[in-house]
Structures are given as C-alpha cells and as structure tokens.
Amino acid sequence: MAEVRPFQGIRYNIRKIHDLSGAICPPYDIISPRQQDALYQSSEFNFVRIEYNRETSLDNDQDNRYTRAADTIRKWLEQGILEYDKIPAFYLHAHHFAWAGKNYIRRDIIVRLRLEEWDKNIIRPHENIIPRAKSDRMSMLRSCRCNTSQVLAMYQDPEKIIRSILTEAEKQAPVFDFSDSLGDRHQLWPVSNPESVRQIQNVISPQPLYIADGHHRYDSALTYRREMASQLESVTGDEGFNFVMTSLIDF
C-alpha cells in the first residue's frame, strides 16, 4: 500500500557549519515573530531563512519570502554550506528529550513517501486543511521545488523488524550529534544498506500510514504533483514531485 524510498538528502556541510545548534529551526507553523528574529540572529546560516523567511513591506511577485528562500538554497549549495548526499538512504533521527522529569528518545525514519490521493485511504489524515496554511506551503513548493520540512506519519512494526534495523544502525557513529538551544540532543544516521532498505520497505508497504502532523505539507504536495504532471506529456511515476519527504514513527 504505502511506498517509501531512500533519497539523496541535502544536509549542512559540517566541515563549514561546525555548530549545528545555531543552524536549525523548528517547523514554520510554530515559529513566532519573536523566535524568528532570534533565529536570524543565532547564525547567518540558520535554516529559518529557508523554512520561514521574513516578510517585508516591499514584497512583490518577484521578490518575496518564497523567492528569497529559493535564492538562499541556491546560494548555500553554491557555497558548499549545503550539500547533497552521494548515496540514497533512509535517515534515522534520534531525538533525546526530557518531559515531566523523565528522559525519552523518539526515533523516526526520514524517507521519501509516494504521494497517494486521500480517497485511496493509504495515507490517512486526522484533521482538516486550512486554506491559508496550504497556500503558504504551495508557494514554498513552487519557488523552492523541494521539501524543506517533513510530514510526520505513524506506522506499525509489531514484529520489531524495523526497530532491530535501527538498533544496529545506532551502533555506528552518527553523521550528526549535537544539542539544540533547548538542550535536546539530535543524532542522525544514513541507512543505505540494500538489505536494510528492503526490509524497511517490506514492513511499511502492506499498511496504511497515519499523518500525525503535516497535513498541509502533504496536501500541498498532492496539489503540486497535479500541477507538475499536467505540464508533461507523460509521467513515469519516478519524478521527484510524486513523493514527499516524511518522518515515520512507530506507533
């Protein structure tokens, strides 16, 4: 039912950005104006300049927060601030945090998920779409032509197959390991071993996925796919616009 594939992620070049804690930002929909200002000041390479660029009174159709985000992506790729991974992979992210006096670890797998129309019931929502929020993400897709933050969806792993793969991956040194401004620790491991990729796909494919967050990102990606497909004489199904970056978390 649900199809996930590895992909060549674009990541910060840690040879140039040594302190990732100053470079990351939350998803766009929880960034307040005050926090946006603080993120701008934390680093000239903070991702807020892409994920949630500032608006100005002079914004127009040719120069606005979305076109500036796209320009920033191009510039940072040219400067080597951002770089493509050479090998397609799933990305294991471990988020260490404290809540109510207890320590927890939340593990998610970042994948590219094939877009499916809602009525197929393969990808299942739990909330309605707000037009204004969708319009914002549509403008991002049209300008940047990439996913800058991911959908969050839930899967089931009753036989703990994926869990065992992730446990093995964590025995290796992570490519990222840092703490953010809240004191939460983040670690990242690319998972590119063909057998591990195949096993993860086999666990995910028979089941539906439940969106926990990112309905507007997903619905915007669906609309964008329709727009892009309408401009082509034929579509193979492998084009990038047929997928959306998604974090998968075990129920």
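Modeller: One cut-off to start with: buried means under 20% relative accessible area, exposed over 50%, and partly exposed in between. Asn 121, at 38% relative accessibility, therefore counts as partly exposed. Keep in mind that this is a predicted model.

Colleague: Where does Asn 121 sit, then?

Modeller: Asn 121 is in the loop between β5 (102–114) and β6 (123–124). Its phi is positive, about 65 degrees, although Asn 121 is not a glycine.

Colleague: And what about phi of Lys 160?

Modeller: Phi of Lys 160 is also positive, near 60 degrees, in a residue other than glycine. Lys 160 belongs to the loop between β7 (151–155) and α5 (161–169). With a relative accessible area of 44%, Lys 160 is partly exposed.

Colleague: Since you mention α5, which of its residues are buried?

Modeller: Ile 162, Ile 165, Leu 166 and Ala 169. Around the axis they cover an arc of only 95 degrees, so they sit on the same side of α5.

Colleague: What do those buried residues pack against?

Modeller: The buried residues of α5 pack against β4, β5, β7, β9 (185–191) and α6.

Colleague: Which residues of α6 are buried?

Modeller: In helix α6 (residues 194–204), the buried ones are Ser 196, Val 197, Ile 200, Val 203 and Ile 204. Seen down the axis of α6, they fall within an arc of 130 degrees, so they line one face of the helix. The general point is that an α-helix has 3.6 residues a turn, so residues three or four places apart point the same way.

Colleague: What happens at the start of α6?

Modeller: A side-chain oxygen of Asn 193 comes to within 2.9 Å of the backbone nitrogen of Glu 195 there.

Colleague: On to the core. Which members of the largest nonpolar core touch the most others?

Modeller: That core has 36 residues, and those touching the most other members are Phe 90, Leu 113, Ile 162, Ile 204, Leu 209, Tyr 218 and Leu 248. Helix α7 (residues 215–230) gives the largest share of this core, five residues. There is also a second, separate core of 29 residues, with Ile 31, Ile 73, Leu 82 and Met 245 among them.

Colleague: What does Leu 248 touch?

Modeller: Leaving out residues up to four places away in sequence, Leu 248 touches Val 4, Arg 107, Asp 108, Ile 109, Val 111, Ala 153, Tyr 155, Ile 204 and Leu 209.

Colleague: Now charges. How many salt bridges does the structure hold?

Modeller: There are 24 salt bridges. One of them pairs Asp 238 with Arg 5, with the closest N and O atoms 3.0 Å apart. This pair links distant parts of the chain, 233 residues apart: Asp 238 is in the loop between α7 and β11, and Arg 5 is in strand β1 (residues 4–5). Asp 238 is partly exposed, at 47% relative accessible area.

Colleague: Are Arg 11 and Asp 85 buried or exposed?

Modeller: Both Arg 11 and Asp 85 are buried. Their side chains meet in a salt bridge at 2.7 Å, N to O. Arg 11 lies in strand β2 (residues 10–12) and Asp 85 in the loop between β3 (82–84) and β4 (90–99), so the pair ties together parts that are 74 residues apart in sequence.

Colleague: How far apart in helix α3 are Arg 74 and Asp 71?

Modeller: Three residues, so about one helical turn separates Arg 74 and Asp 71 in helix α3 (residues 65–79). Their side chains form a salt bridge of 2.4 Å, N to O. Arg 74 is partly exposed at 45%, and Asp 71 is partly exposed at 41%.

Colleague: What polar contact does its side chain make with Asn 242?

Modeller: The side chains of Glu 239 and Asn 242 are joined by a polar contact of 2.9 Å. A polar atom of the Glu 239 side chain also lies 2.9 Å from the backbone nitrogen of Gly 237.

How values were computed:
Residues are numbered from 1 along each chain as its sequence is written. This is a predicted model: local features need pLDDT of at least 70, side-chain atom pairs count only at pLDDT 80 or more; totals for chains, interfaces and linings use all residues. Side-chain values use heavy atoms; hydrogens and water are left out. A nonpolar core is a set of buried Ala, Val, Leu, Ile, Met, Phe, Trp, Tyr and Cys residues joined through side-chain atoms within 4.5 Å. Buried means under 20% relative accessible area, exposed over 50%, partly exposed in between (1.4 Å probe, protein chains only). Helices (H or I, at least four residues) and strands (E, at least two) are DSSP runs, numbered from the N terminus. Contact means heavy atoms within 4.5 Å. A polar contact is a pair of N or O atoms within 3.5 Å; within protein, one must be able to donate a hydrogen and the other to accept it, and residues adjacent in sequence count only if both atoms are side-chain atoms. The arc is that of the directions from the helix axis to the C-beta atoms. A salt bridge is a side-chain nitrogen of Lys or Arg within 4 Å of a carboxyl oxygen of Asp or Glu.
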